[in-house]
Amino acid sequence: MTKHKILLAEDELALGTIVKESLETRGFEVVFCADGEEAKLKYEEEEPEILVLDVMMPKKDGFSLVKEIRRKDDRIPIIFLTAKSRTEDVVEGFGYGANDYLKKPFSMEELIVRIKALIDRKGTNGASETVGIGKYSFNYSRQVLSFNGTEESLTHREAQLLNELYLHKNDLTERTLILNTLWGSDDFFNARSMDVFITKLRKKLSKDDAIQILNVRGYGYKLVC
């Protein structure tokens, strides 16, 4: 059985060791790094399936690392681990391209659930084929949005969210349904995260004036196409 490879970057050695060993007991292969520069090298050498990164690291912080990685790779799932809890920090993390955000202290069970969700949801919901969204073509399994023959890669979470909206196109998709399905909780931080991704999708779909993602205040979103 093939093991899923995780790149874990955490400068607190004790915590990093505990997380690494816990993940390995669950059948994951873990590449452990203690700083951002080492994590960048290991990312390029090891080709992991998912990144679990501390924000505050020596040599290169998590935000800077993800910013560099996203220039080359829009698809790899990324989870931030951080003691930061301000809304601005959460929004900033998602703005750089994180798929999820876990505040310290956290339970290993919660981390494992979030890792599995990011890995397992890829290609689900029966959306392996290319579908039309206005003048765009959307392939969920490849995480690609195409317009006039030009492809643009989507992040894992962007593809998930667009797929969820597409499955209910021209109908209201409840905010709580999206949050519980994709983020696992409809709490305030996850809601702010979803708003960031909605803004990103609107920008990426802006070449077709007939497409709108409407915000039905207090209820949810509607993809009109």
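Colleague: What makes S10 and strand S12 a pair in this model?

Modeller: In this predicted model, S10 and strand S12 (residues 220–224) are joined in the antiparallel sense over 3 bridges. Pairing requires at least two bridges, so the two strands count as paired. Within this region, Thr173 stands opposite Tyr221 in S12.

Colleague: Why is one side of strand S10 and of strand S11 left without a neighbour in the sheet?

Modeller: The open sheet has 3 strands in the order S10-S12-S11, with antiparallel pairing. Strand S10 (172–174) and strand S11 (212–216) are at the edges and have a single partner strand each, so one side of each lacks a neighbour in the sheet. From one strand to the next, the twist averages 30 degrees.

Colleague: Which strands does helix H6 lie across?

Modeller: Helix H6 (residues 156–167) lies across S10, S11 and S12, and runs at about 75 degrees to S12. Helix H8 (residues 188–204) also packs on the sheet, where it touches S11 and S12; its direction makes about 150 degrees with that of S11.

Colleague: Which residues touch the most other members of the largest nonpolar core?

Modeller: They are Phe138, Leu161, Leu162 and Leu165, in a core of 48 residues. H8 gives the most to this core, with 6 residues. At least three residues come from each of domain 1 (5–122) and domain 2 (130–224).

Colleague: What does Leu165 touch, leaving aside residues up to four places away in sequence?

Modeller: Its contacts are Thr173, Ile178, Ile198, Leu201, Ile213, Tyr221 and Leu223. A second, separate core has 18 residues, including Leu8, Val19, Leu111 and Leu118.

Notes. Residues are numbered from 1 along each chain as its sequence is written. This is a predicted model: local features need pLDDT of at least 70, side-chain atom pairs count only at pLDDT 80 or more; totals for chains, interfaces and linings use all residues. Side-chain values use heavy atoms; hydrogens and water are left out. Helices (H or I, at least four residues) and strands (E, at least two) are DSSP runs, numbered from the N terminus. Axes are lines fitted to C-alpha atoms, for helices over the stretch in contact, and angles run from 0 to 180 degrees between N-to-C directions. Contact means heavy atoms within 4.5 Å. A nonpolar core is a set of buried Ala, Val, Leu, Ile, Met, Phe, Trp, Tyr and Cys residues joined through side-chain atoms within 4.5 Å. Buried means under 20% relative accessible area, exposed over 50%, partly exposed in between (1.4 Å probe, protein chains only). Domain bounds come from an automatic or database domain assignment.
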